[in-house]
Amino acid sequence: MSDSPVSPRGAAVLADRFSVFARVLFVIYGVRVVATAIPLRPLDTLWQLSVSSALISAAAIPLLGLALLHLAAYLDPANAALEKRRNALARWAILAVLGFLLLIPVQAYASWSTVATARARLTSQLTIANRNFALVREAINAATSLEDLQARLKSLESPELGIRFENLGLPLPETQRQMLIRLNEIEEQVKARIKAPPPEAIENVATNALRVSATSVVYALAFAIAAQRRGREVPLLVEVLTIWSLRRQGRQPRRGSPGAIEEDYFAQLAPPEDDPPASP
């Protein structure tokens with residue numbers, strides 16, 4: 001054993017180092033996510049998008065840590081504490097699988113809500129602007145004198161519209177005409193500033209949602225390889241694929257009970273056994 005590339009003692013030391021590296025990676029990931037999530041605003045779509053992006057962009061860090069922990073347990077199988085830690089984190093990895101799958105609808109809803117909120121804000125701004133301009137236009141047309149016109153405009157003064165009309169010293173009809181021309185100019189300027197979200201922005205939101213969803217599926221599968229339920233000997237992904245394959249075989253017309261089908265399937269997975277020697 002002393003001539004082997006890695007002695008048992010060297011493997012144990014290397015396993016301890018991998019275990020420490022794994023814990024450091026978990027801490028780094030946790031600090032990064034917590035720093036992004038604080039302050040908590042779970043009902044804010046921008047907060048949801050930022051947290052989802054942080055969880056996805058740094059997901060390789062805990063995945064590497066989990067892989068190092070599995071490798072450490074493999075290098076030092078006699079270390080009961082290390083094996084216990086590996087099994088515990090393998091069960092916690094199931095929550096990571098579910099979390100990454102949950103990010104898909106969360107990301108889709110947050111993206112849709114962002115676009116819907118922008119469009120609703122645009123509609124509200126246009127509605128308010130049209131109403132204010134209609135009131136001012138009605139006040140100008142309904143005025144019976146210059147004094148009445150000034151009083152009506154003063155009561156309808158709106159800083160948001162930037163309208164400041166003064167007595168031009170002209171007859172009422174000419175004053176009304178020039179004021180309406182000025183009002184139309186201001187209305188065009190205000191409506192020009194109220195713009196709908198450009199198609200490129202909506203496309204970027206949709207593309208980002210698809211990218212995050214696809215990445216979430218990939219990370220969910222990756223963590224499922226390292227995850228393992230209590231009392232199971234195979235990873236979660238293998239267990240799910242096995243159950244799915246058994247159910248597919250159970251739907252096919254085949255003789256025998258479900259128990260026989262399951263036994264046949266596992267018999268196909270197991271290596272063939274040697275025939276027992278014939279008795280003399």
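Residues are numbered from 1 along each chain as its sequence is written. Because the model is predicted, local features need pLDDT of at least 70 and side-chain atom pairs count only at pLDDT 80 or more, while totals for chains, interfaces and linings use all residues, and side-chain values use heavy atoms, with hydrogens and water left out.

Rings of Phe, Tyr and Trp (its six-membered ring) are taken to pair if their centres lie within 6.5 Å, with planes under 30 degrees apart counted as stacked, over 60 as edge-to-face and the rest as tilted; by this rule there are three aromatic pairs. One of them is the stacked pair of Phe100 and Phe223, at 5.4 Å centre to centre and with 25 degrees between the planes. Phe100 belongs to helix α4 (residues 80–142) and Phe223 to helix α7 (residues 199–226), so the pair ties together parts that are 123 residues apart in sequence; helices here are DSSP runs (H or I, at least four residues), numbered from the N terminus. Phe100 is buried, at a relative accessible area of 6%, and Phe223 is likewise buried, at 5%, where buried means under 20% relative accessible area, exposed over 50% and partly exposed in between (1.4 Å probe, protein chains only). Phe100, Tyr219 and Phe223 form one aromatic cluster.

Tyr109 and Trp112 form a tilted pair, 6.2 Å centre to centre with 35 degrees between the planes. Tyr109 is partly exposed at 46%, whereas Trp112 is exposed at 58%.

Thr45, in helix α2 (residues 45–57), is buried at 15%.

Notes:
Helix = DSSP H or I, 4+ residues; strand = E, 2+ residues; numbered from the N terminus.
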